[in-house]
Amino acid sequence: MLSTVIIDDEPNNITNLRALLENYCPEVEITGTAKNAEEGIALIKSISPELVFLDIQMPGKSGFDLLQSLPKPNFE
């Protein structure tokens, strides 16, 4: 299983992506979701996922800001 997190400020996007992954990608295990960059950083640090689906435009910090906050990302 591929440990995966979804970070997006729009709940419908998380719901839709989760449904698509569950239906078409059985090897993907969604281990967590976050609704903003701060929650996403904490989630990534606690779970250490192998794959991250990351929204770029979010209120406050962007997806790029999130990536720059991580010293050495070890996910795709």
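Student: Why is Thr-4 called buried in this predicted model?

Tutor: Thr-4 has a relative accessibility of 0%, and because buried means under 20% relative accessible area, Thr-4 counts as buried.

Student: Which residues are in contact with Thr-4, leaving aside its neighbours within four places in sequence?

Tutor: Thr-4, which lies in strand S1, is in contact with Val-28, Glu-29, Ile-30, Thr-31, Gly-32, Pro-49, Leu-51 and Phe-53, where contact means heavy atoms within 4.5 Å.

Student: What makes the pair of Leu-2 and Thr-4 a polar contact?

Tutor: A polar atom of the Thr-4 side chain lies 2.9 Å from the backbone oxygen of Leu-2, and a polar contact calls for N or O atoms within 3.5 Å, so the distance of 2.9 Å meets that cut-off.

Student: How do you know that strands S1 and S2 pair?

Tutor: Strand S1, residues 2-7, and S2 are joined in the parallel sense over six bridges, and since pairing requires at least two bridges, the two strands count as paired; at one of these places Val-5 has Gly-32 in S2 as its bridge partner.

Student: What makes S2 and S3 the edge strands of the sheet?

Tutor: The three strands form an open sheet in the order S2-S1-S3, with parallel pairing, and strand S2 (28-34) and strand S3 (51-54) each pair on one side only. Neighbouring strands of this sheet are turned by 25° against each other on average, direction ignored.

Student: Which strands does helix H1 touch where it packs on the sheet?

Tutor: Helix H1, residues 11-24, touches S1, S2 and S3, and its direction makes about 170° with that of S2. Helix H2, residues 37-47, also packs on the sheet and touches S1, S2 and S3, with its direction at about 140° to that of S2.

Methods
Residues are numbered from 1 along each chain as its sequence is written. This is a predicted model: local features need pLDDT of at least 70, side-chain atom pairs count only at pLDDT 80 or more; totals for chains, interfaces and linings use all residues. Side-chain values use heavy atoms; hydrogens and water are left out. Helices (H or I, at least four residues) and strands (E, at least two) are DSSP runs, numbered from the N terminus. Axes are lines fitted to C-alpha atoms, for helices over the stretch in contact, and angles run from 0 to 180 degrees between N-to-C directions. Buried means under 20% relative accessible area, exposed over 50%, partly exposed in between (1.4 Å probe, protein chains only). A polar contact is a pair of N or O atoms within 3.5 Å; within protein, one must be able to donate a hydrogen and the other to accept it, and residues adjacent in sequence count only if both atoms are side-chain atoms.
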